[in-house]
Amino acid sequence: MIDKTHISKILFLLIPFSLCWSLRINTFVIILYICVVLWSNPLLDALKNAARQKWLYPFLALYLLHILSLLWTQDIEHGLFILEKKASLFLLPIAIAMDLQIKKEMVYQAMFSLIIGCSLALWFCSIYACWNYLQIADTTVFFYHELGAPLDKFNAIYFSFYAFLSLVFLFELERKSELFQGKKWLQALLLFSLLGGLVLLSSRLFILLTLLFLLFIGLRRFQSGAFPWRYKLTAILALIFLGIGILSTSFPQQRFKELRGSDFRVLQQETFHWDTPFNGLTLRLLLLKFAMEILAEKQAFLGGVGVGDAQNELDQTFIKHNLYHGNAELGDQGYLGYNTHNAFMELWLQIGIGGLFFFTIILGQAWGFSLNTGYYALVFMVLAITGFALIEGILERQRGIVLITYFLSIFYTGMKQ
């Protein structure tokens, strides 16, 4: 006889692992998990259990606003595409809220699944980069977006987000779980694999967050007499390893130098040339400026321009200001297709002030829960999500939506029990 709860648990734990590798496989796993949850739990009890969980409602309200925005969207087809892409924003939290078997130990196992999936993905990409380097002798294959390209073009900042969360969870499991008991060699291997990956991926935000986290761990363990000296030494060695990796590698150094050379005068320009000098900061500020310009021109501060029209409005604004929009002969689209690179502004542009409100509520309740429970892993996870939301449209990619909704949902359901 098929053990339905066992299948449900396996699928539940496969979600973060598969997300590190293939988006198609991850979508398939999520659909199967939802089906098995509906199949294996008494439906009425599961619905009652979900209805009692107040954290769920902001997720549902945020997605409902996306649906309602179709009423003032001209490009319905693209709007439906966005709704399909963001379906995990409400389906996954509902399924997890209905899953009656999620307990604290399963939360730890989910952390372990992400750690293993991310570490193996980093090793795979590094080996692939070595092979690629032998073909073209170009060191850029080891860094930034090029490193994650073999895995569904795994964006370097999202990959860094995964590596940082894996690092935080690794230290949490060391304290709270028996998964690494008697396996210190595995813990050390995973630790330095993740740190090496963060250096190669070279996301400035997540390198800084990693330094902050390791300093926190080091100070915490020096102040506590409950940990043997070898555990205190782990954080120090990790910090030294990360620092040496950054200082001895030219690409991460160049990434930080770009910030010091920011030319904010470009934000005052009305038109641009193909070679106008931007870096990550000035480009993001310009995108925020364009988004506010669209909201003002369309008088859409309250309801946004519609979930299906936001990207088209941005693209038209790029063309209007002659921001580089590609070369058709080379198949280059330039900045066309770029979103606002800010989750708060992206939601405001798409679905209005309500989207901004409910996303803020989601983050606010996550901050409240993390500080009330005292789980520093959750505190640093919410800090990472908040910081990431300020520089990327994290709800515009499956790898952002699924990871955030999955771990926030399981922390609420598992840690409360």
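This is a predicted model: local features need pLDDT of at least 70, side-chain atom pairs count only at pLDDT 80 or more; totals for chains, interfaces and linings use all residues.
The protein chain is helical in its secondary structure, with 19 helices and zero strands. Of its 417 residues, 55% count as buried. Among the contacts in the chain with a separation of 6 or more, 75% are accounted for by residues 24 or more positions apart. The chain exposes about 19,200 Å², and carbon and sulfur atoms supply 65% of that area.

Two packed helices are described by the angle between their axes and the distance between the axes. Helix α1, residues 4-19, and helix α2, residues 23-40, can be taken on these terms. Their axes come within 9 Å and cross at roughly 155 degrees. Angles over 145 degrees count as roughly antiparallel, and α1 is therefore roughly antiparallel to α2. The crossing in which α1 passes α2 is left-handed. On the α1 side, the contact is made by K4, T5, I7, S8, L11, F12, L14, I15, S18 and L19. On the α2 side, the contributing residues are L23, I25, N26, V29, I30, L32, Y33, V36, V37, W39 and S40. By class, the residues of this contact divide into 15 nonpolar, five polar and one charged.

A second pair is formed by helix α14, residues 280-297, and helix α16, residues 343-351. Here the packing angle is about 20 degrees, and the axes are 10 Å apart. Angles under 35 degrees count as roughly parallel, so α14 and α16 are roughly parallel to each other. α14 passes α16 in a left-handed crossing. The residues in contact are L288, A291, M292, I294 and L295 from α14, together with M345, W348 and L349 from α16. The contact of α14 with α16 has eight nonpolar residues, with no polar and no charged ones.

The loop that lies between α14 and α15 (310-320) holds Q299. Phi of Q299 is near 50 degrees, which is a positive value in a residue other than glycine. Is Q299 buried or exposed? Its relative accessibility is 71%, so Q299 counts as exposed, the cut-off for that class being over 50%.

Y144 also has a phi near 50 degrees, again a positive value in a residue other than glycine. Y144 is found in helix α8, which covers residues 144-148. With a relative accessible area of 18%, Y144 is buried, because buried means under 20%.

Two further residues illustrate contacts made from within helices. L165 lies in helix α9, residues 156-176. The relative accessible area of L165 is 1%, and the residue is therefore buried. Which residues does L165 contact, leaving aside its neighbours within four places in sequence? They are L114, M381 and L403. A separation of 9.5 Å lies between the C-alpha atoms of L165 and T210, which are 45 residues apart along the chain.

V379 is part of helix α18, residues 376-391. Not counting residues up to four places away in sequence, V379 touches W367, S370 and L371. The C-alpha atoms of V379 and G368 are separated by 9.4 Å, and these two residues are 11 residues apart along the chain.

Technical notes. Residues are numbered from 1 along each chain as its sequence is written. Side-chain values use heavy atoms; hydrogens and water are left out. Axes are lines fitted to C-alpha atoms, for helices over the stretch in contact, and angles run from 0 to 180 degrees between N-to-C directions. Helices (H or I, at least four residues) and strands (E, at least two) are DSSP runs, numbered from the N terminus. Angles under 35 degrees count as roughly parallel, over 145 as roughly antiparallel, 65 to 115 as roughly perpendicular and the rest as oblique. A crossing is left-handed if the near helix is turned anticlockwise from the far one by less than a right angle, and right-handed if clockwise. Contact means heavy atoms within 4.5 Å. Ala, Val, Leu, Ile, Met, Phe, Trp, Tyr, Cys and Pro count as nonpolar, Asp, Glu, Lys and Arg as charged, and the others, Gly among them, as polar. Buried means under 20% relative accessible area, exposed over 50%, partly exposed in between (1.4 Å probe, protein chains only). Accessible areas come from the Shrake-Rupley method with a 1.4 Å probe; for residues, only the protein chains shown count as cover.
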